[in-house]
Amino acid sequence: MNDDQPKRSLRSNFPRGSYLWSVRNAQWRALGIAEADCEKPKIAVVNSSSELASCYSHLDKIAAEVKQAIRAAGGLPFEIRTAAPSDFITGAGARGAYMLAARDLVTNDIEVAVEGAQLDGMICLTSCDKTVPGQLMAAARLNIPTLLLPCGYQASGEYQGRHCDIEDVFIGAMHVTTGALDRETLVGMSREAIRSPGVCSGMGTANSMHIVCEALGMALPGSAPIAASDAAAAPGAGGVALNPKLLAQARTAGARIVQMVAEDLKPRDILQPGAFANAVRAVLAVGGSVNCVKHLQAVASEATHGFDGAAGAAGQPVDVYALFEQLADSTPVLAAVRPVGEQTIEAFEAAGGCRAVLKQLRPLLDTGVLGVSGRTLAADLDEARVFDDEVIRPLQRPVATRPAIVVLRGTLCPDSGIVKAGIHERRSRRFTGPAICFDTADAALAAINDGRIRPGHAVVMRGAGPSGGPAMGGGASRVVFALDGAGLGEQVAMLTDGHLSGLVCKGLVVAEVAPEAALGGPLALVRDGDGVLIDLDTRRCELLVDEAELQARRAAWQPAKPNFDRGWLQIYRHNVGPLPQGAVLVRTNTQE
């Protein structure tokens, strides 16, 4: 910290000789921390490092750079750990229920460590997709100076002369189940798809949420996306070399968080309504993951209901679902990175990344909002450049004018349903057909393989919502890719209260239908043969059954026995709120 910077009291410091001063200093002295250093700003370095998944395997090296920069800037870093969920690893248990449930566990991990120790600020190393919203939610809840550092995407490979990444392996695995791909080809693809640490390449949920961090103003300008590895360096004894640009960003972020503590620049100074609108436009402009909708809503909910009770807009959380509805038609798609298009994430980064997207969107943005840089978005964008306007198009020459993400309402989804509509005009925008209903992904997959699902069907896969899954586990994405492998992707529609992987952009799928079936939502009342209408242009999703019949079904409906009703998932199911609130954990006891 600069000597000429005004000193302010730090919440982590207690009167010399008091109980807390004495016991804390005794602990820290045993760690080799000098007594004088204990008076410095104490910064949490939130690290989800794990040897379970390549998403996190490089974070320790980045944490070391961040801590060194914090010390050089006059701060005292403390590295803390959280849960480290990775969809392709953590998704093996409980039909994938641990994935979304881990998001809120990350938030609470951070609260326990940072709020419990009364640290002064934190820098979060963001990686796989559930850690990003979990960290943003913690920042909004605790409201202490916080900066998020996107930690890079993985390098992809080639197989049989063609680009191959984790999306191809995911799709290929489900194509094997339908006979559309042979098993040995899939094995070969899996050996080449991931060539370095980092998050999934492409505009899946992780890279989409990294862009959200920057568009919200919670990451430094120019942070997202970024390659985790150094493509020019050969692997050494320590594995793949990290990208020097990423390490430089880590050092810049480490120095900046110490300044933010001195300035008392807090998340809720940044997470204003205009910042959420900017983030929504950024997601729409890149055709990002539909999971950004609920994750952004969760951050907005935490920003309103955090510890100090302050709210972004007159005490009410920002309605992110409404923002996606209101801004969709005026926000064209400017970049088409896989899976929504054919561009690579490497080309998108080279073209300028999120900063370039915001530069192109500038006339539509609230540029008066603050970011972690301490400057307005307008000031940051004055220095931004677009390096390739074929990859990141201007507003006057977009990739597509229709929104790639569409929020639907109607009798089947009174609260909401979300469609990843993509950018291709050939996609049918209106569907009517008879329902065929399944209560698990396995049942739907069996029906695909034995030919019971036929062209024209509306495939209903329910019981996979926040409470029913629980935590939206259930494998809806596997069903989508299996339908594609069976040649049915463009010939049927699918409706589910489950969520979709950010790598899914196939078929006409209404996902995250709310209210969910497990709580008696309309999806629970659908029977085989019922008429279903989906219309992307009118944004409607309707069950074509008369109200008297629905009332009779509603009266007879009984909830299913809970899935995985034990341990953390039981706690999650009993406390999770609805999707319109971001599926955050809510207080069940409202008595003060």
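Colleague: What do the buried residues of α6 pack against?

Modeller: In this predicted model, the buried residues of α6 pack against α3 (87–90), β6 (162–164), α7 (183–192), α17 (441–449) and α18. Packing here rests on heavy atoms within 4.5 Å.

Colleague: What makes α6 mostly covered?

Modeller: A residue is called buried when its relative accessible area is under 20%, and ten of the twelve residues of α6 are buried. Among them are I166, V169, F170, I171, M174 and V176, along with E167, D168 and H175.

Colleague: How do you know that the length of α6 fits a helix?

Modeller: Happy to go through that one! At 1.5 Å a residue, the twelve residues of α6 should span 16 Å, and the end C-alpha atoms are 17 Å apart, so the two agree.

Colleague: Which residues make the contact between α6 and α18?

Modeller: From α6 come F170, I171, M174, H175 and T177, and they meet S477, R478, F481, A482, D484 and G485 of α18. By type, the residues of this contact are five nonpolar, four polar and two charged.

Colleague: How do the axes of α6 and α18 cross?

Modeller: The axes of α6 (residues 166–177) and α18 (residues 476–485) come within 8 Å and cross at roughly 65°. The crossing is right-handed.

Colleague: What is found at the start of α6, and what just after α6?

Modeller: At the start, a side-chain oxygen of D165 comes to within 3.0 Å of the backbone nitrogen of E167; the cut-off for a polar contact is 3.5 Å. Just after α6, G179 has a positive phi of about 85°.

Terms used. Residues numbered from 1 in each chain as written. Predicted model: local features only at pLDDT ≥ 70, side-chain atom pairs only at ≥ 80, totals over all residues. Heavy atoms only, no water. Axes fitted to C-alpha atoms, helices over the stretch in contact; angles between N-to-C directions. Helix = DSSP H or I, 4+ residues; strand = E, 2+ residues; numbered from the N terminus. Left-handed = near helix turned anticlockwise from the far one by under 90°. Nonpolar A, V, L, I, M, F, W, Y, C, P; charged D, E, K, R; others polar. Expected span 1.5 Å × (residues − 1). Buried < 20%, exposed > 50% of the residue type's maximum accessible area, 1.4 Å probe, protein only. Polar contact = N/O pair within 3.5 Å; in protein donor to acceptor, adjacent residues only side chain to side chain.
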